[in-house]
Amino acid sequence: APLTVSCGSRGLQQVPRVTTAFPGEGVSGPGAEVRLFLPHNRISELDAGSVPTGLTVLWLYSNNLTTVRPGALRGLARLEEVDLGDNPGLSSLSGDTFRGLVRLQSLQLPRCGLWSLPEGLFRGLSSLRYLSLQENRLSELSRGLFDDLSQLRHLFLHGNRIRALAADTFRGLRSLDRLLLHQNLLLKVEPTAFRGLALLDTLFLFENRLRELPGLALQPLASLRFLRLSGNPWACDCRALPLRRWFRTFAGASSALDCSEPPRLRGRDLRLLTPADFQGCQGIGASWRPEPGPGPGRRPGPGRGPRPGPGPGPGPGHVELPANWTKDTGLSKPPSEAQGKGQMGNYWPGDYDYAEGLSSPGLGRCEGRGCWRNAAGEGPGIFPFSVWALALLWDW
């Protein structure tokens with residue numbers, strides 16, 4: 001069993017020295033497996049050599065961290081989880097901070113005051129599955145930043161200051177399932193920003209500053225089921241036609257898109273606009289052309305279920321709504337087991353913004369600068385991953 005050190009809320013000002021020699025307990029030597037839980041202390045720096053080489057879990061959230069020294073995590077080939085969140089003074093990281101952490105699966109950096117993410121910060125993290133960067137001060141995402149994260153499932157970037165998504169911003173994230181970008185300052189999304197995200201299930205872009213969104217940007221999202229775009233100042237003029245056209249093929253759940261302009265359409269839902277609302281726009285006839293059914297030798301498009309009933313598609317001027325549609329969410333009830341993607345019934349997920357960690361109950365014993373397990377050799381009753389990760393692993 002790994003050595004579990006739990007010294008949360010002890011007023012520690014530096015990482016304590018960990019003794020890994022427990023005769024008769026199967027834990028000994030400098031390379032013994034160690035889990036280190038030190039939340040809610042006063043630790044301000046993480047220096048090279050300050051943690052044992054056998055470390056598998058490191059929790060330092062809610063400390064006074066301002067500096068992670070170069071090499072502080074070097075040689076920790078067994079490390080699987082790092083939580084440095086809620087350290088608002090940790091405003092920058094060097095590009096090689098996480099270099100060599102080939103087993104790292106969960107990296108938590110929310111609310112750290114980060115202004116930027118240096119090139120190469122996530123290089124080589126081929127096992128990473130969960131990355132939390134929400135509520136920092138990030139204003140841009142450099143191209144190639146996520147290139148090596150082929151196993152990443154959840155990427156949380158909400159609550160930052162990101163203004164634009166450039167072409168191929170998320171290149172390399174071929175396993176991504178959830179992407180949260182709400183409550184940023186987004187003004188522009190390039191048509192190829194989401195290219196390569198064929199497995200993406202959930203995309204949140206609500207409460208940004210988007211006036212338009214290219215329909216082409218959403219076309220690569222073949223598995224998308226949940227889309228939230230509310231709280232943006234949508235321009236429902238000719239620029240909205242490609243997005244309106246895309247919604248005619250989308251069978252998942254989406255929030256309402258309230259128009260902010262032109263004045264005659266203010267307050268209307270962009271998804272429900274008709275050809276009469278786009279008079280004078282080029283290509284308006286093609287935008288509402290009835291879509292053919294599957295037919296012989298033709299399959300439904302990706303992420304699209306079979307048509308809800310027999311007969312041809314809707315005629316010009318008719319908007320086909322999902323069953324039990326509501327203005328606020330579109331859909332809100334869990335799908336039945338018989339339903340597949342694209343037939344979501346009335347289901348709508350939550351915001352996916354759960355607390356990132358559980359404080360350890362303090363079962364370890366701290367003496368001076370050293371931390372020890374309790375006399376019974378029992379570790380604290382915590383989960384191996386943060387509680388938000390467990391919540392997101394639930395199969396909705």
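## Cavity

On a 1 Å grid over the protein atoms alone, a cavity is a set of points where a 1.4 Å probe fits but cannot get out. Grid points are joined across faces, edges and corners, and a volume is the space filled by probe spheres set on the points. In this predicted model, local features need pLDDT of at least 70 and side-chain atom pairs pLDDT 80 or more, while totals for chains, interfaces and linings use all residues. Residues are numbered from 1 along each chain as its sequence is written, and side-chain values use heavy atoms, without hydrogens and water.

Searching the whole structure gives one cavity of 30 Å³ or more. The space in the largest cavity is about 30 Å³. Its lining (residues with an atom within 4 Å of a point) consists of Arg211, Glu212, Leu213, Trp234, Ala235, Arg239, Ala240, Leu243 and Leu270. By class, the lining has six nonpolar, no polar and three charged residues. Here Ala, Val, Leu, Ile, Met, Phe, Trp, Tyr, Cys and Pro count as nonpolar, Asp, Glu, Lys and Arg as charged, and the others, Gly among them, as polar.

## Salt bridges around Arg239

There are 17 salt bridges in the structure, each a side-chain nitrogen of Lys or Arg within 4 Å of a carboxyl oxygen of Asp or Glu. Arg239, one of the residues lining the largest cavity, pairs with Glu261 at 3.8 Å between the closest N and O atoms. This pair links distant parts of the chain, 22 residues apart: Arg239 is in the loop between strand S16 (234-235) and helix H2 (241-247), and Glu261 is in strand S18 (residues 259-261). Helices (H or I, at least four residues) and strands (E, at least two) are DSSP runs, numbered from the N terminus.

Both Arg239, at 36% relative accessibility, and Glu261, at 24%, are partly exposed, a class between buried (under 20% relative accessible area) and exposed (over 50%), with a 1.4 Å probe and protein chains only. A network of salt bridges links Arg211, Glu212, Asp237, Arg239 and Glu261.

## Other salt bridges

Arg195 and Asp168 form a salt bridge with closest N and O atoms 2.8 Å apart. The two residues are 27 residues apart, Arg195 in the loop between strands S13 (188-189) and S14 (202-204), Asp168 in the loop between strands S11 (164-165) and S12 (178-180). Arg195 is partly exposed at 43% relative accessible area, whereas Asp168 is buried at 9%.

Glu190 and Lys188 also meet through their side chains, at 3.2 Å from N to O. Glu190 is partly exposed at 26% relative accessibility, and Lys188 is partly exposed at 48%.

Notes: 1 Å grid on protein atoms, 1.4 Å probe; cavity = no way out; pocket = protein on both sides within 12 Å on 5 of 7 lines; lining within 4 Å.
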